[in-house]
Structures are given as C-alpha cells and as structure tokens.
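Reader: I have a new structure to read. Could you walk me through its features, one at a time?

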Amino acid sequence: MRNASDTATTSASGSPTVVRVIRGVQVLAVVAAAIGVLVFPQTGPGPFIMSVGVVILSYACMATGWNFVGGFTGYISLGHAAFTGLGGYLVGLLILRADVPSWIALVLAAVIVAVLSIPIGFASLRVRGASFVIMSLALVLIMLLIFQSWSDVTGGSNGLRVPRPFGPEVLRPEQHERFYYLHVLLLVIMLVAWWAIDRSRFGAGLKAIREDEDKAQSLGIPTFGYKLSVYVISAFFTALAGGLYALWFGFLDPIFQFSILTGSYMVLMSLLGGIRSLFGPALGAAIVGYAIEFFKAQYGDTQFHLVALGLLLGLVVLFMPEGILPSLGRLLDRLRPSATSIREESAEELANKRAVLVGDNGGAS
Amino acid sequence: MDLLVQSLILGLLLGGLYALLAAGLTLYFGVMRVVMIAHSAFLILAAYLAWWFSSSTGLDPLLSLVFTVPAFFVLGVLVQRVLIARLKPATLTMMSVLLTFAIALTIEGLLGFVFSGTQRRIQLPYSGASLEVFGARIAVVKLIAFALAAVALAVLYVVLKATRFGQSLRATIQNSEAAALVGIDTKKVAGYGFGVGLATAAVGGTALSLDATIYPSLHWHWIGPLMAIIVVGGLGSVPGAAAAAMVLGVSQSLLQIPMGTTWAQTIFYIVLFATLVFRPHGFFGGRLAQRF
Amino acid sequence: MSTAPAHEIGLAVHGLSKSFGGVHAVVDASVDFHHGRINALIGPNGSGKTTFFNCVTGMIRADAGTVTYRGQDITGKAPHRVAHAGIGRSFQVCRIFPRMTVLDNVLAGVRPTGLATLLGSGRRRSDVERARALLARVGIDHLERAEAGDISYGQQKLLELAGVLMTDPETIMLDEPAGGVNPALIDRISTLIVELNAEGRTFIVVEHNMELVMRLSDHVIVFDRGAPIAAGPPSTVQKDPAVLEAYLGV
C-alpha cells in the first residue's frame, strides 16, 4: 500500500526499476483492496456479515476522520467520540424536532459540529501533549453528562430513536447494502481530502507542527491557525461518520455515543495502521474492527473485550508506535540498494568537503 | 442553612480525598512527565480489594491497607520500570497517556471479569452511624475516609520534606538533569515516585470503599475531576493540586444543592476549559501545563 | 570581514525583563542593533542571552519592555509574526524536523501568499528550485532525500541555516552556530555568515567561541546577569575591565 506521507519522497531515491516495482506493488495493493471492498456485498454475505461490514467501514470513517488531527499534527485526541456522538444526536434531533430531511440533517449536523468545535479547539489546542489529551477526555465526559442529564431534549438514558432515511419498503439486507456503499463513499471523500492536504503547503506546515511546533512557528508558520483549521475539518468529518452511523443504526444511547471506548478505538486503529499514512487508519479499522466484532460474536458482551483492547493498545504503543504501514514501508526501503548507504555516502562526502574547506582556509589566512 | 453547612463539610471531606489522589498524579507527572490515566483505575482496584478482603474474611476493610499499600508500591515501581521506561523520550508524554489508558482499560476489564459488573458495597457495623458537626449530620465512614486521606497526605508531606528519598524526589521533579549531575539515581527515584503515587491510590481506594458503591467503570467518574484538578493546580505542583482539590471539592458539593449531583460534576470541566482559555499555566504556581 | 557601515537601527529592544519564578533571567535590558552588522552577543553561561533571544522572537512572553523592528512594534507578538516581520532564528540545540526529508525541511519555510498557495502543492517547482539552491549553498544538497534525523549533527546545523534562509529574513539570529560542531564546519558556517552579511543581511549571534566572535563580528554586546554591561567593536570590548570582571568572575 502506498505510504502517502514522508516516506513517499524517500522512496524516490534508489534505483529506478526497484522504485517502479515498489510503486507498482503499492498501487496494485490499493486497487485490489478497493475492488475487494466494492465487490464484497455482491458475494452474498448475508445480513449479519453485511452489518459487520458496515460497522467496520464506519470505524474506518471515524479513524480516518480522527487522523486529520492525529496524523498531521500529532495531537492525540482520546475524545473524538464527542464529535461522532454529537453528529449522531444532532442528526436525530434535527429530523425529529425540526423535520429536516435525513440527508440534509446529516450535512447540517456536521456543519453545526464543525462550528461548535471552533471554541472547543480554541481552548484545547492552546495546550500541548498531555494537557491536550486530558482536555479531549474531559470533552467526552462532559458530553456524556449533558446528554444523560438533559433528557427533555435528548431522551436521556432512554435513548433516542432516529427515523430511517429509506422507506419501510426497503428491507434490511437492502438497507445494509445501501449504507455499506454510503460509508464507502464517505470514506473515499475523506481519503481524497486527507491526500489533498497531505501534499499541500498547508499539510507541510501541519507536519512541521507534528515534528517540532516551536521550530515551525519560528519559521513563520501560524501554528495555532493551522491546528485549529485541521481540528475543525477533523470534527466535521468525524461528525459525518457519526451521523451516518446514527442513520443506519437508528438508535442512540448516550453511554454508547459518548463512550471513551469509541474514542480509544479510533486512536488504536490509527496507531496500529500508522497515523502518518493515508490508508493507515482504515487498515487499522479493518483489523481492530474485525477483532472487536469477532470478540462480541464469540464471547458476547463480557468485559473481556476491554482487556483485549487494553492489551492490544499497550502492545502497539510499546512496540509499534509507528504503525503497520510505516513498518512495511521501512521493510521495503531495506530492499532498495542505495537507501541503506545514505549515511556512509554522506559521511564520505562530508570528509571530502572538509578537506576542501581546510585547503581553502589555509590559503585565505 | 443546615443544608449549606452540611454541603460545605461534605465538600471539604471529599476535597481531602481528591487532594490525596491528585497528589499521587502530581508525583507521576513530576518525576517523569507522565499523566497517569490509570491512577483512578488503580483506585477502584484498591477499593475492590478492600471489599473482597472484608467480605471474605469479615474483618475491617481498613486492615487491607497492610497488604495493598506495599503491593501497590511494588506495582508502581514495576509499571515505571517495565513499561513507562520503555517509551522513547521524544514522545514520552503523549505515548505514556495512551499506555496508562491501556492499563486502565485492562484493569477495568479484569475487574469486570473477576468480580462481574455487579455493584458492590461494604456493609460495616458503623455504616449507618453519623456524628453531629455544627448542626450537620456527617456519616462516620466519611470522617474515617477523610482522616485516612489526611494522614496519608501528612505522611507524604513528611516523606517529601524530611527524608533523603524525598529530597532526591523533589530534586528530580524540579530538574532531573541537574539531579542526575549531583549523583541522584533519577531512574530509581522515578520508579519509587511511581510506587509512592500508586500507594496513594491504595489508601484512597480503601477510603473510598468504606462509603461508596463500587463497579468496574467507576474510575471514569474519578479520572475526569482528578485531571481537571491537576491542570487547574498547575501540573507538577503538589500544594497547587491540593488547593485546587479543596476548592473544586467544595464547589462541587455546594453546587449539588441547586443543580443536582450530575450537573454539579460539570463544574470540573467548566473550570478546566476556563483555566486553559485564560490561564494555561494553571492557577497555583505550576508552569508546566502548556508545554507538556 | 564585512564592510557594512553603521546604518539605521533595525531591531531595538528597550527595558526587556523576564524572570522565572524567583530567577531574574533578563533584567531591564536595552540594546539597539544596527542594520547590516554582524552583532555578537556574548557573556557567561546563564547571563540571559538565550532568554533574551526567546523574548525577542516571541517564544517567551517578556514581563516588561518593548521590542521594535524597523519601527514596527513586535513586543509580545507570536513567533510567526516576528518571522513575518523579517527576523529568522536558529536554536541553541539545533532543531530540525527529524522525520521529514532534508528538502522538505527547507520547504517548510515557504510562506503561503494566499489560500491558493496554501492549498496548492507543498512542492511547487519554483520553491523546490530555491530550496535546492540553498541546500547547495550550505553544502548539503546531495542529502536532499535523506531523512533529516539521519544526517550528522553538523549537517543538521547547516540544514537549520538553510531552513531559516528559505524564509528570506533580513535579520538572522543564531544561537551558538558553532556549538558542538567540528572546526572545518565552523569555518564553513562563518564563511556563510560573512557572505550573507555582505548581501545585506544583519546577524545577531550568541556565541561562546571567542576566537570566532572576534574574527567575525563588527559589534559585540556583553551580557552579564541579564543585562548588557558593555558594547562596542570587538577590539574595544576585549579590553573593557567590566567584561574581564564578568568573565573572570571576581
């Protein structure tokens, strides 16, 4: 799979044929994956497997939405469930209380969340590192409190039933299939947006922030504005993912909508796949999402999936913080003959330069 | 009026427990710049151990401290040595949050697995007893819990101020490079700092078990307020955290009168947001919040 | 050696103070920097030079005092605004973006001119050409595709300078450009400073290597305990009794 971020440039070095082969393999992998995803519903998987497919795609959308902030700026938000939850609830409330048509409600809800994320981002992006993570956690916890307590509007702990966008004549398997492709569409839009930012000047500035924020600022990058912009974009897409899920699932409960677990799933998926890669979060979502559904189907809703999630997250953080795709990319890099010799080459050349310089100076003084 | 006095006293008692737990969090942050999300999960673990000890032996849950405090100390040293120390320094702060978050999830899952999700509560002979203080009725168990927290904080204070270990610990907190230069084994100190921090969770958990209904996911209700307290207190400052804990504990308790328990909890988050918007360095002298 | 005459004042710092807790790092410091000069800021360790740098460039908010640049008030302005005003800086411990390529490191200094360039390609041909020219100028263009974290410390110092030059600053503040690099590289860096100065760029350099300071600069400001205690041409400052006292620590 293609590594959209920095490694793409490095892979430009090395012998042209090897590079071309690697590129070819990457493109092939992406095309194969895309075809697999598109054809999957036509293989007659049955409604249950189909619904698992929708859930995994929904995770992929959430994780990719999360990665607009996490991947570009390196700010790890554990509280993005606040945006999926808000997106979902706003869609439901707009349909139920304001009679807005479903699809308009979906977009409108995401826009409202984006607007709300401006003051939230303003407060939480002023601090870095751990304080930011604390803020993000606090955000979910406060949303949970509000949506549980404000039951006149949100339905409180009884939940909120969201009307389906398709009429009763559309049967369940058909519902799943439609939502499957809608999620694919949303994911594609997000991936294109991520890719566009990745290659832009804006993206270069964001990545500089991820590497060294003070340094980036000293080079004239308005770091706060950049961070806030990408935070709002991330909130918008994450809310869209939450809203689409709400339309499909049809029922919202504050405990599940504003769950710390959902936020940590997004982080785990993205980290596992690789936050600096375009397809990393989606790949991570496929792996973790499948594992979650497998655990649920196999062991039911016991506390065991918490242990599994905790251990997996711990292992990823300890041993693979770069994620699968960058690790694969590094493996491919090793296959290339010239890449390994950068260090020696530079040392040698520096020695040459040194000799030249010393010679120059000897003449001057 | 009685209600007000009662709330005020209850707030102070609650603030004492907050202060002890926030002191633990401040220690981890001080020695290693680690925000220990799992702190409150260990708190609930200690509460469960106290409940389990008491219900299976019939003895007073306070006696469980004899085992849990040393065990948690060792556990803390191990967590630091085996897990946290493995992380790369460049991304330590961010990754340690995720790592300790993972620990929290694991503990919550294991508690649910072993003890089931059923709500538990210790029944004590003195559970129903209460004292009259300034015309307000205060449950004895709450007073015991506060006393426990106060004693633990006092011990912590003496250890930090008067012992050699405390001196090394404070030196490491202020400037670990300089501490290493004058011959302090900062790695060892960091490990012990974690041990002491976790020991506060053992004491806090036992205190909590006297008076609270416990269940595995309860730790999320604690971590939010505790995080708010250490940020408002200015990350890294023990007195700052203690002061913020008292102020917020009392505010929460007083706000419960007009707003009810759930809405009153939002005070922590509102103050947290306000702090970050207007005073990112916190209110009580810490200067570390913005950078870490 | 630069031939720049004493022009008008570029950067003017007045009454700058900053303390951390009880430690007074910079105390009522007032310094004027003239255009076209290579200014050196010297002084014992802990005399407040780096804090002074950080306050001027907006990395730290000063407690008191004003900073103006070409008549424009930049006191308390965010670092990127200071950079936009025309002041570039390096850091004491060299800071580059370790997981970006050498070329991308330099490109990070390109300032977008509008929404179109902001969302346009991060590797515009004209920018890439300019970045390559700068890498060639500092002598590390052969490394353009390496990850910046993989190259040697000396090469990183050169890369940092190239990155600063990409923002095309009129005034360049260097915090210990010769710190931790080998003698050959020190010569390379000092040659670059002289060349760039001849092109009209002003330098403000914090440096501990006295031999370099005396050879390179045309104006020396001596800091002690958070404020300038002497200023003038290197030859005069060298003989100033106050300076000797500060250094010998009587």
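Reader: Let me begin with one helix. How many residues of helix H9 of chain A are buried?

Author: A caution before the count: this is a predicted model. A residue counts as buried when its relative accessible area is under 20%. In helix H9 (residues 201–211) of chain A, eleven of its eleven residues are buried. Among them are A:Phe202, A:Leu206 and A:Ile209, but also A:Arg201, A:Lys207, A:Arg210 and A:Glu211.

Reader: What do the buried residues of H9(A) pack against?

Author: To read a covered helix, look for its neighbours. Within chain A, the buried residues of H9(A) pack against helix H3 (46–73), helix H8 (172–199), H10 and helix H11 (223–249). From chain C, H3 and helix H4 (115–119) join them.

Reader: Which side chain reaches the backbone at the start of H9(A)?

Author: Look at A:Ser200. A side-chain oxygen of A:Ser200 comes to within 3.3 Å of the backbone nitrogen of A:Phe202.

Reader: Now the charged pairs. How many salt bridges are there over all chains?

Author: The test is a Lys or Arg side-chain nitrogen within 4 Å of a carboxyl oxygen of Asp or Glu. Over all chains, the search finds 21 salt bridges.

Reader: Where does the pair of C:Arg95 and A:Asp214 sit?

Author: Start with the distance. C:Arg95 and A:Asp214 meet at 3.3 Å, N to O. This pair crosses between chains. C:Arg95 is in the loop between strand S6 (87–89) and helix H3 (102–107) of chain C, while A:Asp214 is in helix H10 (residues 213–218) of chain A.

Reader: Which residue forms a salt bridge with A:Lys215?

Author: C:Glu160 does, with the closest N and O atoms 3.5 Å apart. C:Glu160 lies in helix H6 (residues 153–166) of chain C and A:Lys215 in helix H10 of chain A, so this pair also joins two chains. C:Glu160 is buried, at 3% relative accessibility. A:Lys215 is buried too, with a relative accessible area of 3%.

Reader: What does C:Arg99 meet in a salt bridge?

Author: The partner is A:Glu322, at 2.9 Å, N to O. C:Arg99 lies in the loop between S6 and H3 of chain C. A:Glu322 lies in the loop between helix H15 (304–319) and helix H16 (324–335) of chain A. C:Arg99 is partly exposed at 27%, and A:Glu322 is partly exposed at 22%.

Reader: Which residues do salt bridges with shared partners join into one network?

Author: Follow the shared partners from one pair to the next. They link A:Arg210, A:Glu211, A:Arg276, A:Glu322 and C:Arg99. A:Arg210 and A:Glu211 belong to the buried set of H9(A).

Reader: On to chain B. How much area do chain B and chain A bury between them?

Author: The size of an interface is often given as the accessible area lost when the parts come together. Here that area is about 3,800 Å², with 83% of it on carbon and sulfur atoms. B:Met94, B:Leu98 and B:Phe273 supply 17% of what chain B buries against chain A, more than any other three residues. By contacts, 39 residues of chain B touch 44 residues of chain A.

Reader: Which element gives the most to the side of chain B that touches chain A?

Author: Helix H4 (92–115), helix H9 (219–232) and helix H11 (261–278) of chain B each give two or more residues. H4(B) gives the most, with 15 residues. By type, this side of chain B has 27 nonpolar, nine polar and three charged residues.

Reader: Last, the whole chain. How many helices and strands are in chain B?

Author: Chain B has eleven helices and two strands. Buried residues make up 55% of its 292 residues. For overall size, compare the radius of gyration with the value for a compact globule. With 292 residues, that value would be near 19 Å; chain B has 19 Å, which agrees.

Conventions. Residues numbered from 1 in each chain as written. Chains lettered and ligands numbered in written order. Predicted model: local features only at pLDDT ≥ 70, side-chain atom pairs only at ≥ 80, totals over all residues. Heavy atoms only, no water. Contact = heavy atoms within 4.5 Å. Buried area = accessible area lost by both parts, 1.4 Å probe. Helix = DSSP H or I, 4+ residues; strand = E, 2+ residues; numbered from the N terminus. Nonpolar A, V, L, I, M, F, W, Y, C, P; charged D, E, K, R; others polar. Rg over C-alpha atoms; globule rule 2.2 N^0.38 Å. Buried < 20%, exposed > 50% of the residue type's maximum accessible area, 1.4 Å probe, protein only. Polar contact = N/O pair within 3.5 Å; in protein donor to acceptor, adjacent residues only side chain to side chain.
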